[in-house]
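Welcome, and please open your viewer.

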Amino acid sequence: MKLKVLILIFNIILVIIFLTVFSFSLFSADTDFIGNFFKNYWLFIGSFFFLLIGINLFFLNNRNLISSLEAENWSGLSQYLETEILKKRHLSFRKVRLFSEICILLADFDNLRELEAVLEADKPRFLRKLATRFAAGKMLTNDYESLASFSKKITAQSGQRQPWMYFYEAFAEQMLKNYTAAAQKYEILLRRAYPPLSRLLALYFLACGLHSYSGMPPDEIDRYIASQKAFLKKYSSYYWEKQRAKEKHAMHILVLTKTLNEALEWLSKEEGRFNQQH
């Protein structure tokens with residue numbers, strides 16, 4: 001059902017409720033009762049009108065956004081958000097988050113980079129909260145130099161509040177062929193209580209190509225990978241699907257879907273590691 005119709009129905013219901021209560025008081029009591037009614041229930045009456053006005057103002061202020069969403073007009077929505085955010089600097093978190101996702105959906109990475117610059121200057125808190133989306137954009141454009149510096153900055157600022165950014169920091173080092181640094185960062189990630197999916201990916205990359213770059217002796221790194229894999233194998237396939245479902249709307253999870261499938265397939269196998277081309 002169209003949101004416009006829902007708003008109209010909601011308005012009608014609110015008005016009917018108010019008129020019913022008011023009419024009951026008006027026709028079933030004397031003037032003294034009516035006066036006392038308004039005196040005693042002024043908070044209810046004020047709340048009613050506040051709610052009614054608030055809902056309609058919200059709809060009017062966001063009618064272009066709502067219309068584009070209903071019509072699934074993503075390019076029109078992108079243009080509207082570009083004007084609101086990049087030109088008018090109306091930086092509400094909800095609109096910024098939506099715009100970052102639309103930019104990735106439409107592969108509009110120029111606007112995504114401009115959005116990053118705007119947030120870094122005006123709303124760094126928003127940038128930290130949405131860091132994984134910007135990291136996903138950098139990965140999709142193979143901009144690993146920028147991904148590395150961006151991830152390091154966010155992890156330095158946010159600490160363990162942004163666990164996925166530690167993964168991106170290690171991944172960027174790997175793609176830049178800084179294999180020793182990548183292996184060390186994956187090992188650190190595995191020792192911390194980070195989200196299971198990020199730990200699985202860290203172990204997968206460490207086992208499937210970076211084991212020889214670890215600071216551990218060969219036998220020790222093999223035992224370490226085997227023990228970590230045995231630990232993760234304790235979880236059922238249902239558990240892993242549940243973990244993916246929990247983050248199914250996260251843009252960085254969508255970007256990593258193919259790699260996650262490969263990691264889960266590797267986890268189900270018996271061997272601890274195998275060589276992989278860099």
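Here is the tour, stop by stop.

This is a predicted model, in which local features need pLDDT of at least 70, side-chain atom pairs count only at pLDDT 80 or more, and totals for chains, interfaces and linings use all residues. Residues are numbered from 1 along each chain as its sequence is written, and side-chain values use heavy atoms, with hydrogens and water left out.

**Stop one: a surface patch.** Select Val 5, Ile 9, Ile 13 and Ile 17, which form a nonpolar patch on the surface with about 310 Å² of accessible area together. Ile 9 is partly exposed, at a relative accessible area of 37% (buried is under 20%, exposed over 50%, and partly exposed in between, with a 1.4 Å probe and protein chains only).

**Stop two: two loops.** Go to Arg 89, in the loop between helix H5 (74–87) and helix H6 (93–105). Its phi is near 60 degrees, a positive value in a residue other than glycine. Arg 89 is partly exposed, with a relative accessible area of 40%. Next, pick Ala 107, in the loop between H6 and helix H7 (109–122). Here phi is near 55 degrees, again positive in a residue other than glycine. Ala 107 counts as partly exposed at 48% relative accessibility.

**Last stop: a pair of helices.** Show helix H12 (residues 179–191) and helix H14 (residues 218–233), whose axes come within 12 Å and cross at roughly 40 degrees.

Terms used:
Patch = residues over 30% accessible without salt bridge, like charges linked within 9 Å, V, L, I, M, F, W, Y side chains within 5 Å. Areas by Shrake-Rupley, 256 points an atom, 1.4 Å probe, with all protein chains shown as cover. Salt bridge = Lys/Arg side-chain N within 4 Å of Asp/Glu carboxyl O. Axes fitted to C-alpha atoms, helices over the stretch in contact; angles between N-to-C directions. Helix = DSSP H or I, 4+ residues; strand = E, 2+ residues; numbered from the N terminus.
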